[in-house]
Amino acid sequence: MDEPTGNGVASRRGFLRALGAAALVPFGVSPGSQADSLAGRGDVGTLRDPTVLGRPRVPTDARENDKQIQAIETRLACNCGCTLDVFTCRTTDFTCTYSPALHREVLALFDDGKTAQEILDAFVAKYGEKALMAPKPRGVMNLTGYLLPTVAITIAGGVLFAVISRRRLAPAQARAPGGNTDLAQSSGSPEELERLRQALADVED
Amino acid sequence: MTLLGQFALWAAFLLGLWSAVMAFSGRWKGRPDLVAAITRSVYAIAGCLVVAALSLWKGLISHDFNIEYVSAYTSRNLPPYYIVSALWAGQKGSLLFWAVVLSLFAAAAQLLSSRRFAPLLPYVAGVTSAVVAFFVSVMLFAANPFTRLAITPADGQGLNPQLQNVGMVIHPPMLYLGYISVTIPFAFAIAALLSRRLDTDWIHAIRKWTLVSWLFLSAGITLGMWWAYVELGWGGYWAWDPVENASLLPWLTMTAFLHSVMIQEKRGMLKRWNLGLIVGTFLLSIFGTFITRSGVIASVHSFTQSNVGYFFLAFLVVAAILSFTLLYTRWPQLVAEVRLESVLSREAAFLFNNLLFVGIAFSVLWGTLFPILSELIRGSKITVGPPFFNRVNVPLGLALLGLTGIGPLIAWRKASAANLQRQFTVPVASGVLTLAALLATGTRDFYALVALALAGFVAGTIVQEFHRGVRARRRMHGESIPLAFTRLVARNRRRYGGYLVHVGVLVYFVAFSGMAFRREMEATLKPGESVELASPFGHTYQLTHLGISQYEALNRVVSAATVEVKKDGRADGIMTSEKRQHVDSFGRPTFEPSTEVGIRSGLQEDLYIVFAGAVGGTEEAVYRFTINPLVWWLWFGGFVLVAGGIVTMWPGGGPAIAASMRSQAGYEVTLVGADKE
């Protein structure tokens, strides 16, 4: 007879505890901060169905957060077809098997005492230039790739500047003997001309 | 319903061909009945394509898995809103969506255009009908959304988990609306060329269409960034992916057009350039479609590789040849009415602004195509990723930001030294003060410093413009500041809406610069274990792994990893990141497990948590924790940009008499100069 009663008391206490905890939630007290593990058992509980998480992970070590290694990996392209760099791919697409393998290659080279540039060169030697996230600025083709847009814009800008400047000079020179339409050189006080310019700017906005 | 859909597609195709042939042949001249027939055929095409879209939607909603498209992109347990959005989730459905929206835009162009553009409208109908007919032909001959399967599966394959996000319900339609509506300005430009009506009439006809298109593209691109940020889990929002680039290209040229068109309206200049920009924008939108659908360039966004790309390539080439040939034949009639007078003028500033917009578009296009060119010329494959694009485009983008502040400060025609000094003092001081404040607070990243200082300069320009406008109204009308501000914007929506757009742009740049201060770390934690991550703003997050819970939801099995967050020792709530294994209605896995990011967004920074997986089937979890500074401002900048665009295109904008007076005043002042000649 005691057992059901005891269970009833226990469940009532549990219910009241849960109710109290729920009432505290609006006041910012979090009942969940006791590391409540629904699925786990023990210190590090096992999951009910680990297969739905995809590829099992291995614990990260300190080198995962090494800025030097991250910097190298952000300059290397993953070859799974994702178009991401190795670091981004391995920390994003957790189903990719290529980027973790490439990461291990980077770590192995790093452990051999290779510098960042030597590691990049080793990847280029092994996988070709496509292993880099951006082509090296060397050689005619690659340099053209890097410089063409900026050079084209600079030349176009220069030509534009020259053409507009020449247009401005040409009429002024042509009109030099006689009158001119340049407001800056026309009759009237500078104040008057400035007032006109302002009026023009205001009405035409 | 598929039979009805097929019939509707064929009817739309044949009507489109008829309408295009009749419009371009010119037989309608002097035949009002034929003009009416062409217009009615545009409405009929829209009606047919709406029927086709409804037919496919009916198939999707009723789970008709005998339709190959329905089977490939939906399942019985897919939430209803994703069933609706599945219309544009796949190649074939998105083509239908594209065609139906284009046909509706074409009908709206006929219906809403003023009568004074009547001579252009049959040609407009011809161009839009030809483009619609092309899209429908792609469906009929290469990617039919109504194809049936030999055997009906019990359930469909479901929708890609990354598309099961509210961003993907909104982002693709927005982007498509932007791409598609470009066809209307293009059609008016071609109509102007064909009819030889090359005055500014066609410019007036397309102004709102261009703004609509630009607004949709802007919203689509921003929503795409938001989707990438919240869904893809790599912690960023822009990766210079070919498909992202493809959406940026028409946006850049269209933005250039929205600036340069003002010079044509005010001064009768840049007629050839403006026509070229509109044609180029249309071709770039088709180019984007080609890239997305051909598989010619590797992209995470691409549809399955198919022969559809060749259709688009052929269409692109034909449209480019025809358009530019037509432009060339009208070249002599497109002479500027006046010439540029000074480098120190607003016209020149707009020209340099256009040069940068088009230059950046060229740079992005060049980088996108460079791997193909390199392989063709050298035979070796290369990768062109963010380091390349950032190196080339960041300086250009900053120069453009600078011009955003310079342009409004320079007077039309010619600025004097006194004028420049008066205009530039406050904005330059604002930029210098911003730079000094940043240096004083220890900011040392070069590009971030330049971007934020320029943002300060642009902000100074905009504030000065609003301040002067409000002050002038207060002096003239004695209005209160809020009333003066409201009326200032309401009476000159185009100008002040444009400044709001500039505010959006500068906020974008502020947000971009935040990524220079990003912090991230990986950690493996058992329940109860913590790590600390320092924020660039000086505080420290303590992140404690609480555990992993697994449960079943509608169409997925969820593994949720929970993290307790403390900021500088104070409890800051709980965050969750999930792994989702999607399943069909029989519980069978449909895709690889996907990741749902946990994001806590704030004005200063976002805390971005990714649950990478579990160790050995236990609750020991692997996380990537990232602090992304100023990301919230990107979404806010997008909101301001779109709001500014809406203000700019809002009907009205002041009494017509005032506009007329302004126009007359302009002529008077011009005559003062002319008298002295």
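What pattern does chain A follow when read along the sequence? Chain A runs α-α-α-α-α-α-α, with seven helices and zero strands. Helices here are DSSP runs of H or I with at least four residues, strands are E runs of at least two, and both are numbered from the N terminus.

A word on conventions before going further. This is a predicted model in which local features need pLDDT of at least 70 and side-chain atom pairs count only at pLDDT 80 or more, while totals for chains, interfaces and linings use all residues. Residues are numbered from 1 along each chain as its sequence is written, and chains are lettered from A and ligands numbered from 1 in the order in which they are written.

**Chain A and the domains**

Of the 205 residues in chain A, 22% are buried. A residue is buried if 20 or more other C-beta atoms lie within 10 Å of its own, exposed if 12 or fewer, and partly exposed in between, with C-beta atoms placed from the backbone. Among the contacts in chain A with a separation of 6 or more, 31% join residues 24 or more positions apart. Two residues are in contact if their C-beta atoms, placed from the backbone, lie within 7 Å.

Both chains have a domain division to look at, with bounds that come from an automatic or database domain assignment. In chain A, the assignment gives domain 1 (53-131) and domain 2 (137-173), and their C-alpha centres are 40 Å apart. In chain B, domain 1 consists of 406-516 + 636-675 and domain 2 of 517-632. The C-alpha centres of these two domains of chain B lie 42 Å apart.

How many residues of domain 1 of chain B are in contact with domain 2 of chain B? Six residues of domain 1 touch seven residues of domain 2. On the domain 1 side, helix 18 (residues 493-514) of chain B gives the largest share, three residues. That side of domain 1 divides into five nonpolar, one polar and no charged residues. In this count Ala, Val, Leu, Ile, Met, Phe, Trp, Tyr, Cys and Pro are nonpolar, Asp, Glu, Lys and Arg are charged, and the others, Gly among them, are polar.

The largest nonpolar core has 217 residues, and Phe135(B) and Phe188(B) have the most contacts inside it. Such a core is a set of buried Ala, Val, Leu, Ile, Met, Phe, Trp, Tyr and Cys residues joined through C-beta atoms within 7 Å. Helix 9 (residues 201-232) of chain B gives the most to this core, 20 residues. Leaving out residues up to four places away in sequence, Phe188(B) touches Leu120(B), Val124(B), Trp202(B), Ala205(B) and Ile206(B). Another core lies apart from the largest one and has 28 residues, including Ile548(B), Val563(B), Val610(B) and Ala614(B).

Helix 5 (residues 91-112) and helix 6 (residues 121-141) of chain B pack at an angle of about 170°, with their axes 9 Å apart. Axes are lines fitted to C-alpha atoms, for helices over the stretch in contact, and angles run from 0 to 180 degrees between N-to-C directions. The contact residues divide into 16 nonpolar, three polar and one charged.

**Individual residues of chain B**

Most residues other than glycine have a negative phi. Arg196(B), not a glycine, has a positive phi of about 60°, and Leu270(B), also not a glycine, has a positive phi of about 60°. Arg196(B) sits in the loop between helix 8 (183-195) and helix 9, whereas Leu270(B) belongs to the loop between helix 10 (242-267) and helix 11 (271-294).

| Residue | C-beta neighbours inside 10 Å | Class |
|---|---|---|
| Arg196(B) | 9 neighbours | exposed |
| Glu552(B) | 13 neighbours | partly exposed |
| Leu270(B) | 24 neighbours | buried |

Phe370(B) lies in helix 13 (residues 346-378). Apart from neighbours within four places in sequence, Phe370(B) is in contact with Gly145(A) and Val384(B). Glu552(B) is part of strand 3 (residues 540-553), and its C-alpha is 71 Å from that of Ala418(B), 134 residues away in sequence.
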